[in-house]
Amino acid sequence: MKRVAILISGGGSNMVALAQSMTGDHPARPVLVLSNDPKAGGLARARDMGLAVAAVDHKEFPSDRRGFEGELLAILEAAQPDIICFAGFMRVLGAGFVQRFEGRMLNIHPSLLPKYKGLHTHRRALDAGDTVHGCTVHEVTAALDDGPILGQARLDIGPEDTADTLAARLLPLEHALYPAVLRRFARGDRTPVLIP
């Protein structure tokens, strides 16, 4: 059984989808939900699900990324995860941290990578006149939003869509895609999942 740590910064909706999926014959189980914000709403949701939680406040390390990452690393090493899932974790981690867990980290990103790495992906898709948008689950590497793609879900952009409506419409697809990729990844299968 693979041990999964989930890193969050906010409400944790993708964390909930992942954790709820890891039951029955699933090859993995959640062992930790970790946040860079002690007030993140997802921590309370994780506690309500009976999951172990921890937080390292990045604001206590304003110019010390190495110190922040060292605290994260200590907590993660104590939990001994086989897989780390970034689920709305809004901190960029350094190459040394990433290399420590290389090949064992997943992230979900709200665009059809390699398009629109970074922030404001829904607005950027609209501004570019795209007719299709989506989300991507990929392996985490030292380059931002640049690892091997393990899954994508697509939706059509309508004429009335705004950045907010796109985000809301995309969320259910994220909640379907990420658990599907994790299940496959935990079995050692990196074949991409495509929805629809």
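# Helix crossing, sheet and cores in a predicted model

The axes of helices α1 and α6 come within 9 Å and cross at roughly 45 degrees. Residues are numbered from 1 along each chain as its sequence is written, and side-chain values use heavy atoms, leaving out hydrogens and water.

- Helices (H or I, at least four residues) and strands (E, at least two) are DSSP runs, numbered from the N terminus.
- Axes are lines fitted to C-alpha atoms, for helices over the stretch in contact; angles run from 0 to 180 degrees between N-to-C directions.
- The crossing of α1 past α6 is right-handed; that term applies if the near helix is turned clockwise from the far one by less than a right angle, and left-handed if anticlockwise.
- On the α1 side, the contacts (heavy atoms within 4.5 Å) come from Ser13, Asn14, Ala17, Leu18 and Ser21.
- Their counterparts in α6 are Leu171, Glu174, His175, Tyr178, Pro179, Leu182 and Arg183.
- Serine 13 lies in α1, which spans residues 13–21.
- Not counting residues up to four places away in sequence, serine 13 touches Arg45, Leu171 and His175.
- Serine 13 is partly exposed, with a relative accessible area of 23%; buried means under 20%, exposed over 50%, and partly exposed in between (1.4 Å probe, protein chains only).
- Serine 13 and glycine 41 are 28 residues apart in sequence, and their C-alpha atoms are 9.6 Å apart.

**The eight-stranded sheet**

- An open sheet of eight strands runs in the order β3-β2-β1-β4-β5-β6-β7-β8, with mixed pairing; two strands pair if DSSP finds at least two bridges between them.
- Its edge strands are β3 (53–55) and β8 (193–195), each pairing on one side only.
- On average, neighbouring strands are turned by 20 degrees against each other, direction ignored.
- Helix α2 (residues 41–48) packs on the sheet and touches β1 (2–8), β2 (28–35) and β3. The direction of α2 makes about 160 degrees with that of β3.
- Helix α6 lies across β1, β2, β4, β5, β6 (132–139), β7 (149–156) and β8. It runs at about 155 degrees to β7.

**Strand β4 and its partners**

- Three bridges join β4 (residues 83–86) to β5 (residues 105–109), and the two run parallel.
- Isoleucine 84 has methionine 105 as its bridge partner in β5, while phenylalanine 86 stands opposite asparagine 107.
- Four bridges join β1 to β4, also in parallel. Here alanine 5 stands opposite isoleucine 84.
- Both faces of β4 are covered: Ile83 and Cys85 are buried on one side, Ile84 and Phe86 on the other.

**Nonpolar cores**

- A nonpolar core is a set of buried Ala, Val, Leu, Ile, Met, Phe, Trp, Tyr and Cys residues joined through side-chain atoms within 4.5 Å.
- The largest has 39 residues, of which Ile6, Cys85 and Leu106 touch the most other members.
- Helix α6 (residues 163–186) gives the most to this core, with ten residues.
- Apart from that core lies another, of 21 residues, including Val56, Leu72, Val98 and Phe101.
- Cysteine 85 touches Val4, Ala5, Ile6, Leu7, Leu18, Leu106, Tyr178 and Leu182, not counting residues up to four places away in sequence.

**Backbone exceptions**

- Most residues other than glycine have a negative phi, and most peptide bonds are trans.
- Leucine 113 and proline 114 are joined by a cis peptide bond, with omega about 15 degrees. Proline 114 lies in the loop between β5 and α5 (121–127).
- Proline 196 is found in the segment after β8.
- Glutamine 80 is not a glycine, yet has a positive phi of about 55 degrees. Glutamine 80 sits in the loop between α3 (65–79) and β4, and is exposed, with a relative accessible area of 56%.
- Aspartate 145, also not a glycine, has a positive phi of about 50 degrees. Aspartate 145 sits in the loop between β6 and β7, but is buried, with a relative accessible area of 10%.

Key: Predicted model: local features only at pLDDT ≥ 70, side-chain atom pairs only at ≥ 80, totals over all residues.
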